[in-house]
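Reader: I would like to go through this structure with you, one question at a time. Could you show it before we start?

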Protein chains: 2
Amino acid sequence: MQKTPTIRDVAQAAGVSLKTVSRVINSDKGVSAETRKRVLAAIEALGYRPNALARSLRGRKTYTIGVVITDITNGFFSTIVRGIEDEAFARNYSVLVANSDELLEKEKLYVRIFVEKQVDGLIIVPATGSQEYLRDLASHIPLVFVDRPPRDFSGPVVQVENREGAYRLTRHLLEHGFERLAFLASDLRLPTVQERFAGFRKALDEVGITLHTEMVKDGAKTIHEAYRKTHELFVLPLRPQAIFAANNLVVQGVLKAIRERNLRIPQDVAVVGFDDFEMADLVQPRLTVVAQPAYALGKEAAVLLFSRITCPSVAGETVVLPVEVVLRGSCGCEDVPQEKTFLKGVRNST
Amino acid sequence: MQKTPTIRDVAQAAGVSLKTVSRVINSDKGVSAETRKRVLAAIEALGYRPNALARSLRGRKTYTIGVVITDITNGFFSTIVRGIEDEAFARNYSVLVANSDELLEKEKLYVRIFVEKQVDGLIIVPATGSQEYLRDLASHIPLVFVDRPPRDFSGPVVQVENREGAYRLTRHLLEHGFERLAFLASDLRLPTVQERFAGFRKALDEVGITLHTEMVKDGAKTIHEAYRKTHELFVLPLRPQAIFAANNLVVQGVLKAIRERNLRIPQDVAVVGFDDFEMADLVQPRLTVVAQPAYALGKEAAVLLFSRITCPSVAGETVVLPVEVVLRGSCGCEDVPQEKTFLKGVRNST
DNA sequence: CCCCTCCTTGACAACGTTGTCGTTGAGAGC
DNA sequence: GCTCTCAACGACAACGTTGTCAAGGAGGGG
């Protein structure tokens, strides 16, 4: 491990001052063509690479943002991250990522670390609990939330029409004539889930259907737990006719359980999910879902963050992106597979 | 945006020198209990947070590593990243991530940026092309490759038994009596794919089956392209009896095409894939695959990297992790769904 | 010929830390 | 009472950059 050359070594090699080298590196004007050539030659010869740390310390800008999500393994979040990353890349920014696992303490810790690392901004999927701890921070560094609003704290959020999407999908279910609908959620304390539940509930209320508590299952945070809760639904005296799975993990558990019980979808029980993903298009019957623009969610959050970074006076309001009900077979509709339903792949590719 | 307090402000507030504050922050000895208390009080009062940039510049250590993968959206890679991230978190390291999209130029650019940001180490899934450009770098900073070895360059790699896995899976297919096997690949220039193809081929050779060129399709880099190539296979006069999909994206395209042609799996055509993922367990019939320990891949790569970071003399050899052939229904076996096939979720949770 | 301008260049300090080394003072040992 | 040791603390430089300011020289206009 030999010593990395610094601007000083380059200056010496080229026989100029530190500042002149600095000017060449930053393509500042005020350097003659001749000198510039000599400096560039020295840079080349020594294999000099600027030290971004020193630059950032001096310039108070790291060209790095921090992203705290709950779990990168979840396709929904990885797609959001991808949206953020692409936008960041286009602006010469790098991205630090962290998985909070829905744990407030982990979120806090990561935020602290990223702030100490002087990130220029932070995009957060807030974990359950209170984001009040961010209050002081918010005046120091631009923050943007994605997917869910923070709690006990107000800041710009980029999210989707959870309530509306759930409402429309539930109405659709009701139009199929189902009356005993179950709602299976990862965590009803999450704002997104609450909104979805509100939409679900509103649709039921409108047609005067009473929702029985045993038809609502909470705490299905993993595929496996969703799977178990689904089984619980089927040992009830009155089994559900349709299941509304509140996210992409839940729906996978639901499918697994139904498969195991040898029930037919949608004849024995209909299933719909919130959030589209490749699998939804490959199972049989294909899954009817509310498709969320995950990539756009990340991209918009990044756009918002960068506008706040470049111009701190930008307040940054809540952005709500539209969702789309994608009817396939699992809700009871006739399933007509058609090409080009590769929505997740829709990207302004780089 | 008020000015953030520095160690200097704390020193002034507590009536001590800079160095004393520094000592308190780093819990160095040589500070009386009384002074320590005063300093801590000042830190608290001012809301002081150390600046990691200055620290890193001074200490030549950033506690940050860079990870360059091809696409975080792909569950295989996001799981690898998760493995890396968990290991990094445990050691107080942060992770910078980048998507190369299999583009060498993007990979190079990111590596350069990360190096300029003075990361303590780099984990790379090398894109197609030559990694020769890393030669100089390797003596300056620890590098570890995951999933595939680099080209024109030798460095520590953490990968799986591609050849062996493909070989075993292909043999299994042959035991079912299939003779016309097709191989569908994303990019045959990739080392992983080459190895898998070699294993596939070896199995065929052993039983004396000649592989016809039209049974090998290359260039299926997206689900959509895999879908198209699959259709191409079925307009051939002699259609394949079984399809070996070389990765998780390919297999999704294959399924989609087969579904569209209303062919039955495995009666009309068997399908197997390389890399397990949730979906494989949910489609009908369930997919027979070679399961790769993606999480462990990332974790091991990180472990190796950190051992090289802490002790630069560690050479770092190639680590090969075992794969497992998971027999389900799509290969022609009787499909006996069983609980607890949640392999992806297997994690030493935090 | 002189002054003014503009272009090129450099010295120096600063960004916020920490390592090195030196100073001070209290207490122990003789 | 004197030296010696050790704990507590501080001054200073350095990490690698860049912003500020000033200097030097060439060239143009009067």
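Reader: What distance separates a backbone N or O atom of Ser32(A) from a phosphate oxygen of DNA strand C?

Author: This is a predicted model, in which local features need pLDDT of at least 70 and side-chain atom pairs count only at pLDDT 80 or more, while totals for chains, interfaces and linings use all residues. Residues are numbered from 1 along each chain as its sequence is written, chains are lettered from A and ligands numbered from 1 in the order in which they are written, and side-chain values use heavy atoms, with hydrogens and water left out. A polar contact is a pair of N or O atoms within 3.5 Å; within protein, one must be able to donate a hydrogen and the other to accept it, and residues adjacent in sequence count only if both atoms are side-chain atoms. For the backbone atom of Ser32(A) and the phosphate oxygen, the distance is 2.9 Å.

Reader: How many residues surround DNA strand C, and how many of them are charged?

Author: A residue is near the strand if one of its heavy atoms lies within 4 Å of it, and 25 residues surround DNA strand C, with Thr20(A), Arg23(A), Thr35(A), Tyr48(B) and Arg58(B) the closest. Helices H2 (18-25) and H4 (52-59) of chain A and helices H2 (18-25) and H4 (52-59) of chain B each supply at least two residues of this surface, helices (H or I, at least four residues) and strands (E, at least two) being DSSP runs numbered from the N terminus. With Ala, Val, Leu, Ile, Met, Phe, Trp, Tyr, Cys and Pro counted as nonpolar, Asp, Glu, Lys and Arg as charged, and the others, Gly among them, as polar, the surface divides into seven nonpolar, 10 polar and, as the charged group, eight.

Reader: Is Arg148(A), the salt-bridge partner of Glu102(A), buried or exposed?

Author: A salt bridge is a side-chain nitrogen of Lys or Arg within 4 Å of a carboxyl oxygen of Asp or Glu, and Glu102(A) and Arg148(A) meet in one at 2.6 Å, N to O. Glu102(A) lies in the loop between strand S2 (94-99) and helix H6 (104-116) of chain A, and Arg148(A) in the loop between strand S4 (143-146) and strand S5 (157-160), so the pair ties together parts 46 residues apart in sequence. Buried means under 20% relative accessible area, exposed over 50%, and partly exposed in between (1.4 Å probe, protein chains only). Glu102(A) is partly exposed at 23%, whereas Arg148(A), at 3%, is buried.

Reader: Which residue forms a salt bridge with Glu206(A)?

Author: Glu206(A) is in helix H8 (residues 191-206) of chain A, and its partner sits 35 residues apart in helix H7 (residues 162-175). Glu206(A) is partly exposed, at 42% relative accessibility. With the closest N and O atoms 2.7 Å apart, the partner is Arg171(A).

Reader: Which residue stands opposite Phe244(B) in S9(B)?

Author: Two strands pair if DSSP finds at least two bridges between them, and strand S8 (residues 242-245) and strand S9 (residues 270-274) of chain B pair in the parallel sense over four bridges. Both strands belong to an open sheet of six strands in the order S7-S6-S8-S9-S10-S12. Opposite Phe244(B) stands Val272(B).
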